Amino acid sequence: MESKDDDYWNDSTNKSFNFDEDDVAVLEIPSGSSNRRSLFGEDTASEVNYASVQNELPLHMIISEEDLTSIMEDQSRNEMPVPKGISLEEEVKLLRKKLQDFSYAPSALSVVARLILGKPCSLEMFRSLQEKEELLDEAVACGNGNAMLKVVLFLENTLKKKLFHRFLQTRPEAVSHYVNYMALRLKVTECTDLLTYLGRHHEASLLQFSIYVRSTSNIEFKRQRLKKIYSDYFSQPGANSFYAQLVANYINLLELQVAEQHSNSSTSGSILDQSVLETLYYICSRYKWGDTSLQTNENPFKLAEAHHVGQSQFEWIALNERAKRQAWLDFEHIFEKKAWLNLKQKSFNIHIPIDKTILRLFALHAPDPVLNNFLVKVEDPQRRLALARRVNAKRGIVDALVALKDRSELDSFAQSLESGTEEKYYADKALKSLNTKWKSDAIKLIK
């Protein structure tokens, strides 16, 4: 009596994989075939292209010698074919031997080998603590995540929680796979209990924080859960101060968003559950620039400071928000800082690239006076001239040509301007001043 599996091995049309040819596995690609199955399933187009370039791979790069030996032993024991043409008595002997092999409990190594291959197998025969521990050790040793996780889940279902946690205590690789698996399924309690038992309190608290941040859109529920996490973990002695501040800032951000949403319900859109930078952009639109009396998170400077927003990032967000609202006068409060010793004296201070700033302002239709105010901050006159021409800032072009002392180019540019315009008057005045200075310098050289 032959099974379907026996038919496969006894049929001469089925060619087996040959491991004996110079220890090299040759992967043949049928010509004209778009889909192909490899040792590991169906190949993608990129895998087919790669195999066509390098069609011979050393066997040790595909599977380790130890795993290969285990697989071959498992196949020879469990999938032994019955040769054709033998007598009924000999066939009965072979089947009795196969049945005898199945009567013995399989080793942990052979079971793990089947798990690696994705073959069905039962773990229920591992009953004693020693057998279960050996099975777990074999799964960890093989390094296969799927095999490790299947064994861990089997132990979770067959051991008491305290004993299960003790098994994982000295096996961090298994813990890592188990925690990731449970976290994806939002099983917060199980993950937290295990990490707490292992003394990894910070990881347990951060896991809860990350899960509740991304698992619900209910702001009130999220806020209450995060407050409890902060109280239970981060406010306790020995808690990591950096993570404690991170959680506290996030809670404050949620409360600010809720308060702003309630006080400005008529405003289109919602800032609830938005990022720090999106909230900062919103606060920039609500703030009365120049009012330094407000010292809370409703002040964009204070909000940026509380959430450690970089100076360049803050300036870029404020510039874009104010420019889109055409609030050009507010740039004074963003980029001009008061001196420490003389509060009436101000200095221009910018942390974002000046070239990028000028081009962005031009894209947002900034008027020439605003562009010129930034162009004069470019120290290199040649670079300033190139930028002024790109943004068509006529005064900026004149100032750059004066700085370069290029009279001929300035004269040519002045003649191209329309008569009677303010720019024409400014260019003629600059050219006259430059000519006067040139004549004065020439007289000094003659003397």
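**Exercise 1.** Does Phe331 count as buried or exposed, and at what relative accessibility?

*Solution.* The model is predicted: local features need pLDDT of at least 70, side-chain atom pairs count only at pLDDT 80 or more, and totals for chains, interfaces and linings use all residues. Residues are numbered from 1 along each chain as its sequence is written, and side-chain values use heavy atoms, with hydrogens and water left out.

Step 1. Recall the classes: buried means under 20% relative accessible area, exposed over 50%, and partly exposed in between (1.4 Å probe, protein chains only).

Step 2. Phe331 has a relative accessibility of 6%, so it counts as buried.

**Exercise 2.** Describe how the rings of Phe331 and Phe335 are arranged.

*Solution.* Step 1. A pair of aromatic rings is described by the distance of the centres and the angle of the planes. Rings of Phe, Tyr and Trp (its six-membered ring) pair if their centres lie within 6.5 Å; planes under 30 degrees apart count as stacked, over 60 as edge-to-face and the rest as tilted.

Step 1. A search of the whole structure gives 13 aromatic pairs. In one of them, Tyr212 and Phe221 have ring centres 6.3 Å apart and planes at 70°, so this pair is edge-to-face.

Step 2. For Phe331 and Phe335 the centres are 6.0 Å apart and the planes stand at 85°, so this pair is edge-to-face.

Step 3. Both residues belong to helix H18 (residues 331–335), four residues apart, or about one turn of the helix. Helices (H or I, at least four residues) and strands (E, at least two) are DSSP runs, numbered from the N terminus.

Step 4. Phe335 is buried, at 1% relative accessible area. Together with Trp328, Phe331, Phe348 and Phe374, Phe335 forms one aromatic cluster.

**Exercise 3.** Determine which residues of helix H13 are buried and where they lie on the helix.

*Solution.* Step 1. Within H13 (residues 219–234), the buried residues are Ile219, Lys222, Arg223, Leu226, Ile229 and Phe234.

Step 1. Viewed down the axis of H13, these buried residues fall within an arc of 125°, so they line one face of the helix. The arc is that of the directions from the helix axis to the C-beta atoms.

Step 2. The buried residues of H13 pack against helix H12 (201–215) and helix H14 (241–263), where contact means heavy atoms within 4.5 Å.
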